[in-house]
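Here are my notes for you, written as numbered points. Keep the model open and click along as you read.

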Amino acid sequence: MARQVLLLLCLLSVDSVLGQVSYSIPEEMAKGSLVGNIAQDLGLETRRLASGKARIYTRDSDEYIELNRDRGVLLVKQRIDREALCRQTTPCALHFQIILENPMEFYSVTVQITDINDNAPAFGDGEIKFNVSESAVIGAKFVLERAEDLDVGINDLKSYELKPTDNFALKLHNNADGNKNVEMVLQKPLDREKQEHISLVLTAVDGGKPQMSGTMLIVITVLDANDNAPVFTQQTYKATVTENSPKGTVVATVTASDADQGSNSKVTYTITNKFDDIRKLFKINRESGEINLIGNIDYEESRSFRIDVRVSDEGGLTDSCKLIIDVQDVNDNKPEINIMSKSSVISEDAKLNTVVTMINIQDKDSGENGKVLCYIDENVPFTLKTSTNDFYSLVTDSDLDRERASEYNITVTCSDEGVPSLSSSVTLTLQISDVNDNAPVFERSSYEAYIAENNTPGLSVFTVKARDADWNQNARVSYILEDSSVNGVPVSSYVSVSADSGVIHAVRSFDYEQIKDFQFRVKAQDGGSPPLSSNVTVKMVIQDQNDNPPQVLYPVQTGGSVVAEMVPRAADVGYLVTKVVAVDVDSGQNAWLSYKLQKATDRALFEVGLQNGEIRTIRQVSDKDAVKQRLTVIVEDNGQPSRSATVIVNVVVADSFPEVLSEFTDFTHDKEYNDNLTFYLVLALAVVSFLFITCLVVIISVKIYRWRQSRVMYHSNLPVIPYYPPRYSDTMATGTLPHVYNYEVCRTTDSRRSDCKFGIAGSQNVLIMDPSSTGTMQQIQSEKSILDEPDSPLEVRLL
């Protein structure tokens, strides 16, 4: 069978592309038969049909055509009977849409069903009977039942034949609607005595190929004379009925009269329609000709009816007329909203005029009652655009922002223009899917964290927090420590950041005295693709703890050396003896130092300045005061708890150095004597206890003894006796001693008690002498060498 294809493609202004394709196929095609190559005719690739999930949308529940996505063709899904689908309506067509998604678009397809000659003409009754008076005049008419052919066009009913034609001839009348009235006309007088019963065959023939026909038997009974046939007052009656009229409503009344008298003038009305539903909807009063409504009239199903009425008298004579009933529409149907295709989720970065939903509107009413206007709620970023009659597209008309509104409930309302107006509505729920369009934002523009020094490694210090306005994975924030260095050391060796929580941990124990603060940057990155990030500066401030005790810089404390400060006996009250100089490497109040006199040989003679550590006399020195004074000074900081250090200051009350030399010498020899006595007692006890030890032990003991004696001979036992002239200058860079002092240093050559020599003491304000030394005198910082000749006396002044 030949197929005819008509392609009409129209491009619209909205994103959905609307095309119209028309095909023509004959009815009764086998299942799976090819209708047309829809992909080729629309200019689409077959993979677009698959990716767009192409499908057929039809208003009706029955689908006669199916789409093969792989081949891009339309196929017959089930057998199509044009007569069952459209009856007498021409042309007969199937209307449906091809819907595609991503992007959303649709195409209208029309498949016209052409007729084939698969139905023969048929009469409602196989036999009809007439009672005709023998006195019937030539030209008397007898209305015959029309045959019905369900086919259309050239396959429809074409002609009638009546056989035999001895007494009657066939007469046809063409109506305005294309149908033909069939009448049988008497052309030869009847004679009951010769032939009481006459049988005729009426044949209806269509114009199809092959030609098909149907027959009806006409049986005529010849009666005695009946001169006049009944006659209708009108050949065509017209009436109007409103749809949904109640049953029993009088539609119209037809009237016929018969000029005969008696029983021959009594007429009977009948409805002769056979093949339609006229008899189910209308009923005629056989005696009065009143036509009543017995069924439900629906304008949307049928807008007009034709009723064929026949009147007959008792003599068998008949006449016919037709009643045309027009149905008036009322606004009894709400607009039907059909969702052709919709998206339940749309991305927030969708472009303007993106099609979200396609809607088909249908109102079965007509005229103003069938005109529909659709609209949606205000204050939503969507609008309705009409593409063709009865089709609407819901499209975006402004930018979407999921962070502002993650869901929209869009109510589409459609109202007709009838009176009163009827409306329908449908609510579309649309989710806005998230895209990664928001970078994480920290709660602060910068952070400052504090941690006490000497912390435990791994200690949680601080938490940075960033929030992302996106959703789900796009809002999942991870924290990253950006690469940088602090004093040339990677910052990762100082702190770490928890990727999930943003908690900052100290990697090491901090020392305020080494580093007081440092800065680093933390980056917050979301889980989107591509990820977005932001960063923030964190300043870590190390808080000082009182973890360092004061350190005494002066007087210097050395192993076995004796440091002595000399006070002349003529010193006045407030005389500056010396100054205790100390520092604390802590800061703040932890480094505030105070000085106190803890112990003293004579507490009534000296005092210590609380803030400056200066040791001064608080009374006049007298001859009764001991030559040797021992002061214990404690230095405390102001931390909590406080830390302290002590220093012992030896003070000699004398006017000159030789005056006190013997005192320090006796002190050192007594100490040495006591030490030697203890040694010999232990040695003697060991000899007594171990007499059985061999001679070797004795020899070893003797050698130890000799070695000890030789070692003692080389140690000096003279102390350093400083005195303080008024021009002494402090060289310790403390800036706290206000005077300048000179030093005279004495040393011996070999004798432990006499022959003192003087040597240069260098630039130090304190001289230290080892009491056990016998040959040389050591300096803390030597700037000049001692003269090579040990016997030459030397006086050194330090300015």
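1. Start with the largest nonpolar core: among its 29 residues, V495, F518, F520, V522 and M540 touch the most other members. A nonpolar core here is a set of buried Ala, Val, Leu, Ile, Met, Phe, Trp, Tyr and Cys residues joined through side-chain atoms within 4.5 Å. Buried means under 20% relative accessible area, exposed over 50%, and partly exposed in between (1.4 Å probe, protein chains only). Elements giving two or more residues to this core include β34 (446-452), β42 (517-526) and β43 (533-543). Helices (H or I, at least four residues) and strands (E, at least two) are DSSP runs, numbered from the N terminus.

2. Before going on, a word on the source: this is a predicted model, where local features need pLDDT of at least 70, side-chain atom pairs count only at pLDDT 80 or more, and totals for chains, interfaces and linings use all residues. Residues are numbered from 1 along each chain as its sequence is written, and side-chain values use heavy atoms, with hydrogens and water left out.

3. Click on V522 next. Leaving aside residues up to four places away in sequence, V522 touches F442, V464, Y479, I480, L481, V497, S534, N535, V536 and V538 (contact means heavy atoms within 4.5 Å). Another core lies apart from the largest one; this other core has 28 residues, among them V35, L42, A54 and Y107.

4. Now the rings: there are 14 aromatic pairs in the structure. Rings of Phe, Tyr and Trp (its six-membered ring) pair if their centres lie within 6.5 Å; planes under 30 degrees apart count as stacked, over 60 as edge-to-face and the rest as tilted. F142 and F168 make an edge-to-face pair, 5.9 Å centre to centre with 75° between the planes. F142 sits in strand β10 (residues 141-144) and F168 in strand β12 (residues 168-174), so this pair ties together parts 26 residues apart in sequence. Both F142 and F168 are buried.

5. With centres 5.7 Å apart and planes at 35°, the rings of F510 and F518 form a tilted pair. F510 and F518 are both buried. Elsewhere, ring pairs link F442, Y447, F462 and Y479 into a cluster.

6. Finally, the backbone. The peptide bond from K163 to P164 is cis, with omega near -10°, and P164 lies in the loop between β11 (157-163) and β12. S529 and P530 are also joined by a cis peptide bond, with omega about -5°; P530 is in the loop between β42 and β43.
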